Amino acid sequence: MPYKVRPAVVGCAIRPAITGRDRSLEEIIYDISQAALADAGLTIEDIDGIVVGCNDQFDGRAISVMMASGPTGGVDRDILSTPSSSEHAFVLGALRVASGQFRTQLVVSWSPTEVSSMSEAQRLGADPYFHRALPLDELSAHAMQAGALNHVWPNAWVFAETVAVKNRRHAAVAWPDPSARPAPGKARWPLTDRMTTEPVTGAVAMVLAGADFVAERGFENPAWLRGMGWATEAAFLGDRDLSKAPALEEAARQAYEEAGIKDPAAAFDVVEITDATPYCELIAYDALGLCPREQIAARMAEGWFAKGGKSPVNLSGGVVTFNPVFCTGMIRIAEIAQQIRGKAGAHQVEGARLGLAHAGSGFALQYQSAVILGATPKGDAP
Amino acid sequence: MEQPMELLGRQEVWNIAYDHALGETASYFFTQIRDHGRIFGRRCAQSNRVLVPPRAFSDETLLPTTEWVEVGPGGRIEAFTFVYEQFNGLPPPPYAFGYVLLDGADTALGGYFRNVDLTNPREAAEKLAIGTRVVTKFAEQRKGDVLDFWFEIA
């Protein structure tokens, strides 16, 4: 869709794994919001609206945005929330800037681990009629998706193991201190513990600004929104072919059309994929048009998706390294923003000019979004 | 040397109950299971798809469904996994659960698999491979919920 005003990310803060008990959730939200504003060189007075992505079950607060108005700077200001997913907070914030009605937006998401059981909290996401009496948490849904992919693609498990090794290898660069990385997660057939990770507390915030504001304030390296798309799959897993991701195909189609991208396989300097499990990454390669299944073996053999490869995926270490469950999708977008801004840190791709973020969430990634960010507002897409 | 500051936590437990209305469609589905040990889906007249569990409307055509169709008790496995953790109010682990496309249905129904030895997960997974034929079994005492039935290899 045409933007009235092209949005850009001008400030960003990512904390994918917050440990310790010295900050309450409100204080974590305050810290991440202030860090993103400071990164942009702005104050809350420069912000025209706030969008937060938060999950009531994880936060232990009904209408969690109510407690977030203070720490984000939302008192007596415009603040909305997207409980559907963290990445939808980014989408809504970007649309608000693109509408021309807002010069700037602060977008914030978080995911604590204070609930006694993340699985039980996730199970509340299942309908109380037909599915609540099943052990349906995200891990169960991801496990059944992995099994579905193994069924139609018998070698998938080999590639899944390769993906997990790749992303953990990337994590060793991005997060060199091994003690900072959580232990492997639970196994649930056919997922092994090496393919999952224990959920961690995390937070992420971005400041978005329109082209006029960017010009007025002279930001050095904005990450321009070049295209985005989002779509949702059926709520009942039994209605879906879990080996495919039609909502992601649709999200990618929207994003590529907007960005003018004809050949996604060769388009991006850096890619982040929501590897809730490595099988999710394999499905996304195909759905995003990065690599058809029949070419994955050859691509992996030549290191196409690895650090230094043609289209490196998950240099941050991905979700298999840090999984702050609810905000992990928006972190994928923030990681690409930081790559384009040249501020990704140890895993920076030198000269990255165009990046793709896949943000997925929910049971077997029911919600799918694709976001393309570039170093220029438009023009140099292949 | 200064002592580290004492950091407090506060545990909150909310025990509130919801009395969810199942509506006519889910009520019929569960009373048929409870009283007769039979499973029904709803047909969308436009797409001809039979939705199981039954829906009052199709989320593809957005038309009301028009007809009850008995499905099963046979079917084939669409998805499965094994669970090793205890969930509140659910059977003691380990167990297998997943989705089965019952004969006559176009969407798969979630439920438990029983009478499969899970001692060796790989061997169990071979027995429950996607596409395997199963049959629906019903508990003798039924109360009208998902735990009234389960699937066994045919």
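In the predicted model described here, Gly74(B) has Val135(B) of β7(B) as its bridge partner. The model is a prediction, in which local features need pLDDT of at least 70, side-chain atom pairs count only at pLDDT 80 or more, and totals for chains, interfaces and linings use all residues. Residues are numbered from 1 along each chain as its sequence is written, while chains are lettered from A and ligands numbered from 1 in the order in which they are written.

The pairing of Gly74(B) with Val135(B) belongs to a set of 3 bridges between β4(B) and strand β7 (residues 133-138) of chain B. These two strands run antiparallel. Strands are DSSP runs of E with at least two residues, helices are runs of H or I with at least four, and both are numbered from the N terminus. Two strands count as paired if DSSP finds at least two bridges between them. Strand β7(B) is also joined to β8(B), by 5 bridges and again in antiparallel fashion. Here Lys137(B) has Trp150(B) of β8(B) as its bridge partner. Strand β8 (residues 149-153) of chain B is in turn linked by 2 bridges to strand β6 (residues 109-113) of chain B, and this pair runs parallel. In that region Phe113(B) is partnered by Phe151(B) of β8(B). Strands of a sheet pair through backbone hydrogen bonds, either parallel or antiparallel.

These pairings form part of a closed arrangement. In chain B, 5 strands close into a barrel in the order β4-β5-β6-β8-β7, with mixed pairing. Neighbouring strands of this sheet are turned by 50° against each other on average, direction ignored. Axes are lines fitted to C-alpha atoms, for helices over the stretch in contact, and angles run from 0 to 180 degrees between N-to-C directions.

Chain B as a whole contains 2 helices and 8 strands. Read from the N terminus, its elements follow the order α-β-β-β-β-β-β-α-β-β. The radius of gyration of chain B is 20 Å, well over the 15 Å that the globule rule gives for 154 residues, so the chain is more spread out than a compact globule. This radius is taken over C-alpha atoms, and the globule rule is 2.2 Å times the number of residues to the power 0.38. Along its principal axes, the C-alpha trace of chain B spans about 75 × 40 × 35 Å.

Two cis peptide bonds are described for chain B. One joins Gly72(B) and Pro73(B), with omega at about 0°. Pro73(B) sits in the loop between β3 (67-71) and β4 of chain B. Another joins Pro93(B) and Pro94(B), also with omega at about 0°. Pro94(B) is placed in the loop between β4 and β5 of chain B.

The chains meet through 29 residues from chain A and 31 residues from chain B. Residues are in contact if their C-beta atoms, placed from the backbone, lie within 7 Å. On the chain A side, the elements that give two or more residues are α5 (118-123) and α6 (138-152). Helix α6(A) gives the most, with 6 residues. By class, the chain A side comprises 15 nonpolar, 7 polar and 7 charged residues. Ala, Val, Leu, Ile, Met, Phe, Trp, Tyr, Cys and Pro count as nonpolar, Asp, Glu, Lys and Arg as charged, and the others, Gly among them, as polar. Helix α6(A) lies across β4 (74-83) and β5 (95-102) of chain B, running at about 125° to β4(B).

Chain A is assigned domain 1 (7-118 + 200-217) and domain 2 (127-197 + 223-374). The bounds come from an automatic or database domain assignment. The C-alpha centres of the two domains of chain A lie 22 Å apart. In their contact, 29 residues of domain 1 meet 28 residues of domain 2. Elements giving two or more residues to the domain 1 side are β1 (7-18), α4 (86-98), β4 (104-111) and β5 (201-210) of chain A. That side has 18 nonpolar, 10 polar and 1 charged residues.

Helix α7 (residues 156-174) and helix α10 (residues 278-287) of chain A pack at about 105°, with axes 8 Å apart. They are therefore roughly perpendicular, a class covering angles of 65 to 115 degrees, with under 35 roughly parallel, over 145 roughly antiparallel and the rest oblique. Helix α7(A) contributes Ala156(A), Phe159(A), Ala160(A), Val163(A) and Ala164(A), and α10(A) contributes Pro278(A), Tyr279(A), Glu281(A) and Leu282(A). The contact residues divide into 8 nonpolar, no polar and 1 charged.

Key: Contact = placed C-beta atoms within 7 Å.
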